[in-house]
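Hi,

Here is the structure I promised to pass on.

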2 protein chains.
Amino acid sequence: MQTFDTDDAVRSARAVFWERGYEEASLPELERATGLSRSSIYHAFGNKRGLFDAAVASYLREIIHPRLQPLEAAKVAPDALTNYFTGLSEALSQPDSLQSHSGCLLLNAAGAPISNETAVSQAIAGYREELKSALGRGAAALHPEMDDGARLQLATVLSSLVIAAMTLSRIDSAQALATLDTALALLQD
Amino acid sequence: MQTFDTDDAVRSARAVFWERGYEEASLPELERATGLSRSSIYHAFGNKRGLFDAAVASYLREIIHPRLQPLEAAKVAPDALTNYFTGLSEALSQPDSLQSHSGCLLLNAAGAPISNETAVSQAIAGYREELKSALGRGAAALHPEMDDGARLQLATVLSSLVIAAMTLSRIDSAQALATLDTALALLQD
DNA sequence: TATATAGTGGACTGATCGGTTCACAAAATG
DNA sequence: CATTTTGTGAACCGATCAGTCCACTATATA
């Protein structure tokens, strides 16, 4: 049986992919981060790409979904949408968090050659759809009187603000936070 | 004297960086695209990074600024903002254009290790600021009655929609176009 | 204890990386 | 024509890449 914890190893590798991207994450880096030797990585994950896919699944499960969960529950609280943005804003304010200085693992991948892989591009597109859908449910809970068209428009705007903020967080945290503040301001109207 | 046209060479290299990103654009690829040998590239641009910087400057000058120009003129037409979004939407609809399948050279770089270079991150942050400012001027021309706070908010939202659309264009052109349609819809209100 | 199975570390492969060097070519200057 | 200057292509550099292989270890089963 395996002497290392698979989830721990994937989490460590995930951090490397998050910071450096798929292509620039080297095997020696991944070995160092996971504490595993090359043969163990290849035995457990097949190849570098297999480890990346495991990292993406882990990212969705442990980073994305926990924050979206209140917006995807059967009953959505009226303040769930506000809480989503304040929580994300706090995470981006933490100056040494991966979120704040590396943005979003998936969106970073969107601009890299790895996005030519259909499995990867589908994961990113699916994330955006899920984000939009969850934010739409939050909008419905906050503004029950809003009609479907306006709610869909708001969900598109809010999810775009999230995408822009995560993209900008790597290069200008002030602009990223200001972008999220704009999202919060939109919820007051 | 130089037997090749510098602007032509930079344009060709720019296309490679645009599609592949800085790190994954190899010297052989850049040689092939420009038709130049390695020593000519190094003689003219110093190194790979110098060629990339020239490509970024060329991208701003020939791709970004021409489209923003009507929004940055002394007098901005009321329909300049709408024209910006319809023009961008048409460019992303062109299925074989670099814009449609490679998004934005600068935003792609934002998610890659090259963004750790301060000159690069400043170029990207500056682009976002300029985009926001130009869209704000367009909003003022379209809605002269709008107060400063609302105009700034709208500019932040619109520039975020552009960023999201350019990011998504690499992986899901339908979502990218829908995002720009949302921007156009916001201008009707 | 003997045998089979699963996991691991390190050495190695061929390919490719960015960057450098150098000898030659072409043009300009005297 | 001789010399100098500038530009260029090709060979080469050490380093690093992802991936493979194999001998060895540790555990599990019998």
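This is a predicted model: local features need pLDDT of at least 70, side-chain atom pairs count only at pLDDT 80 or more; totals for chains, interfaces and linings use all residues.

Residues are numbered from 1 along each chain as its sequence is written, and chains are lettered from A and ligands numbered from 1 in the order in which they are written.

First, DNA strand C. It is surrounded by 18 residues, and the closest are Thr3(A), Ser37(A), Ser39(A), Ser26(B) and Lys48(B) (near a strand means that the C-beta atom, placed from the backbone, lies within 6 Å of it). Two or more residues each come from α3 (38-45) of chain A and from α2 (27-34) and α3 (38-45) of chain B (helices are DSSP runs of H or I with at least four residues, strands are E runs with at least two, and both are numbered from the N terminus). With four residues, α3(A) gives the most. By class, this surface has six nonpolar, nine polar and three charged residues (Ala, Val, Leu, Ile, Met, Phe, Trp, Tyr, Cys and Pro count as nonpolar, Asp, Glu, Lys and Arg as charged, and the others, Gly among them, as polar).

Now for DNA strand D. Around it are 19 residues, of which Ser26(A), Lys48(A), Thr3(B), Ser37(B) and Ser39(B) come nearest. Here α3(B) gives the most, with four residues. The classes are seven nonpolar, nine polar and three charged.

Next, a helix pair inside chain A. The axes of α4 (residues 48-72) and α8 (residues 118-142) of chain A come within 10 Å and cross at roughly 15° (axes are lines fitted to C-alpha atoms, for helices over the stretch in contact, and angles run from 0 to 180 degrees between N-to-C directions). So α4(A) is roughly parallel to α8(A) (angles under 35 degrees count as roughly parallel, over 145 as roughly antiparallel, 65 to 115 as roughly perpendicular and the rest as oblique). The residues in contact include Val56(A) and Ile64(A) of α4(A) and Ala123(A) and Tyr127(A) of α8(A) (contact means C-beta atoms, placed from the backbone, within 7 Å).

Finally, the two chains: 32 residues of chain B are in contact with 32 residues of chain A. On chain B's side, α9(B) gives the most, with nine residues.

Cheers
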